[in-house]
Amino acid sequence: MLTNEQSAQTLPEFTATAVQTETETMTGAVATLQALLAEGVDTIFGYPGGAIIPIYDALYDYKEQLNHVLVRHEQGGIHAAQGYARSSGKVGVVFATSGPGATNLVTGLADALIDSTPLVCITGQVFAHLLGTDAFQETDIINITTPITKWNFQVTNAEEIQEALAKAFYIARSGRPGPVLIDITKNAQQQKFDFAPYVPCTHIRSYRPKPIVRPEYIREAAALINQAKRPFVLWGQGVLLGKAEQEFKAFIEKSGIPAAWTILGAGALPTDHPLNVGMLGMHGNYGPNVLTNECDVLIAIGMRFDDRVTGRLDKYAKQAKVIHLDIDPTEIGKNVAATVPVWGDCKETLPQLTALVEAKLHPEWHERFRVHMEQEVDAVIREELFPTSEELTMGEVIQQLNELTEGEAIIVTDVGQHQMVACRYAKLNNTRSNITSGGLGTMGFALPAAIGAKFGAPHRPVVAIIGDGGVQMTIQELGTIMQTGVDVKIIILNNRFLGMVRQWQELFNDRRYSFVDIASPDYVTVASGYRIAGKRVEARAELKQTLQQMLEHPGSFLLEVMVSKENNIFPMVPQGCSVSEIRLR
Amino acid sequence: MSQQPSIDRQEYNITAYTENQVGLLNRIAIIFSRRKINIESLNVSPSEVEGIHRFNIVINETEEVVSKLAGQIEKQIEVLKVYYNTNADVIWQEMALYKVPTDVIAEKAIVERLLRENGARAVVIRKDYTVFETTGHREETDNLIRVLQPYGLIEFVRSARIAIIKASDGFNSKLREFERTEPSAEPAENEFLNSRSKVFTM
């Protein structure tokens, strides 16, 4: 027979079954996990360490409900959470310890802020009484991350945890989404307190995630659109973030307006949709760039006129009246003056606008886009996708992949030439299919983001397309793939150069190739060290069948394709030039 | 942008109503420092509404820059409302304290007269020194420094500027709108879009 003392030792202190509904005493660490469950979290990307041990100890009892993915570096963890958030539309969750664990999140936080990705990052912190003493692994992560978080907060008392996490999730996912960091001191994780039922946050008096739509601006916008002879729609990630793909499609199908996308907006409308006229920006399509300076009404939807999209601002769409739909009022008028500001959630504004616009087709205007596309096909695209040269091109790899996946895959890209090629040519049938680091341009993003994307959308094929530079920045995440068995297909487009910088050096620095000649390991051997199948392709004849083999392989597969060393990405709007000065070669 | 001389640059008074939250001062300050804009004067103190703090920030910039900065500040989660005004739109004051040797004042009648003329008021009188206080615009408090300098001014300090907005109806009613659960019938911040010339300029 057990004594009372013995039974207290043998029985688990907390039974992790369902979300707690009654007040009870528990530690801050358990309260943290309970809050995650209440918010519907199923996956955490993290890495343990001294200051977050109490939370990891609690996690030991929650293995069934919370899938913790052990990454190989905290930067990998946060990029994986970004990939998860982007593929699933849910909030990505990251655990990291204090000090270096927390500072390793910095790049991902900056990336998530500029690309509006909802994240909740939970970092451990030294005991509250040690704050400011230069304790072991103490760093002032709140102040370090202030400019790169939508909100951050330090918890020093367990009683603050529920409210802090409720606010964190609400802030991360509402309005214009963004990353939130909650720093929890070790004493708060250990402290026992009376845990009341978790109450999600739905209102913060100082925070207005979206306004009531003002009908007069909708009417003004509709009147401009109805009078327009050459209207042009630019859409960005706001359409995806607002989950307004159907509303967007209905709007352009009724108004008949040609629509072009930013790289973060890609996929909100299928690539093959007849009103989809292509990609905007520095390496975007010819027509959308040139005709930006010929349209009479420019309708920007959930995009922020990044300098890579606009080129030289004082020569950007000066002839056009601009209608700007955005949920973030500071984006309206930030770079391009708006004739009609439509501040609001595009899920609400688009249907109101659709109701007021006249059904049109604009055949002559569409013809202009078609003619420009023909020119681009002749000058660039045909040779890129169906090359006559001996060397493989990046574009043909994407083209062959399109034929095999038929546009159903999630494409995750890194940063550089391969990113531009993949964004330009990848066929996307579905929304949330193009995951890339847009605003920050973070090399090393793709491999961990692809892991996260697969966890966020387990039933969809995920293909990471990465350059030989970027893959070497976070290649340790092959270890995460090995350990979790996550099925990610990895294509390394190896041109044995840091290609984008090399292209700029060729075009603008007299071919002074300064430190862009980068060596690679034998990636197939590296992969096999991680028990990941792999193959290298150097000849066109092997390309398609190897891609097929990769796609059919059960589990992860690394495919290295040796591509032409000195191919350039065209078209190109050189820096400091207007979009209409885009070069085809 | 702050580096270029511009005829449109002038002093602006930014007024922000915020929650009283650790770290918010930094969050607001870095909005300026990120753009290499110097804050000329900064005052943070509790407002007339319990729990709400009021920032008074003075910068020298163009209206275009100031309107964008105001938007960025208002975007911070714990900021309720931001206004920006030119000096003509506000009543503003700075307070200054002057420490001078008591014997000089006691001996020289002219000093006493100068202090009276400048509206100074004695705060502390001790055997060795006396502390005077004035409030006014920068030129006025500066002027008294010049006046007292020949008579052995020991120490001087000036507060940040505080400013009352001439056209403001106060913050109490606004706060009630903010406290209402979203979406409210007439969201206060839609005023922002009413004054389009202020917001949507290039």
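In this predicted model, six strands of chain A form an open sheet whose order is β11-β10-β9-β12-β13-β14, with parallel pairing. The two edges of the sheet are β11 (276-279) and β14 of chain A, each of which pairs on one side only. Averaged over the sheet and with direction ignored, neighbouring strands are turned by 20° against each other. As a matter of background, strands of a sheet pair through backbone hydrogen bonds, either parallel or antiparallel.

On one flank, strand β12 (residues 297-301) of chain A runs parallel to β13(A) and is joined to it by five bridges. Within this pairing, Ile299(A) stands opposite Ile323(A), and Ala300(A) stands opposite His324(A). β13(A) is also joined, by four bridges and again in parallel, to strand β14 (residues 340-343) of chain A, where Val340(A) is the bridge partner of Ile323(A).

Stepping back to the whole chain, chain A is divided into domain 1 (19-195), domain 2 (215-368) and domain 3 (386-572). The centres of domain 2 and domain 3 of chain A, taken over C-alpha atoms, are separated by 30 Å. The contact between these two domains draws on 14 residues from domain 2 of chain A and 18 residues from domain 3 of chain A. On the side of domain 2 of chain A that touches domain 3 of chain A, nine residues are nonpolar, three are polar and two are charged.

In total, chain A contains 23 helices and 20 strands. The radius of gyration of chain A is 25 Å, close to the 25 Å that the globule rule gives for 585 residues, so the chain is as compact as a globular protein of that length. Along the principal axes, its C-alpha atoms fill a box of roughly 85 × 60 × 40 Å. Buried residues make up 57% of the 585 residues in chain A, and, of the contacts with a separation of 6 or more, 78% are between residues 24 or more positions apart.

Note on methods
Residues numbered from 1 in each chain as written. Chains lettered and ligands numbered in written order. Predicted model: local features only at pLDDT ≥ 70, side-chain atom pairs only at ≥ 80, totals over all residues. Rg over C-alpha atoms; globule rule 2.2 N^0.38 Å. Buried ≥ 20, exposed ≤ 12 C-beta atoms within 10 Å, placed from the backbone. Contact = placed C-beta atoms within 7 Å. Domains from an automatic or database assignment. Nonpolar A, V, L, I, M, F, W, Y, C, P; charged D, E, K, R; others polar. Pairing = 2+ DSSP bridges. Axes fitted to C-alpha atoms, helices over the stretch in contact; angles between N-to-C directions.
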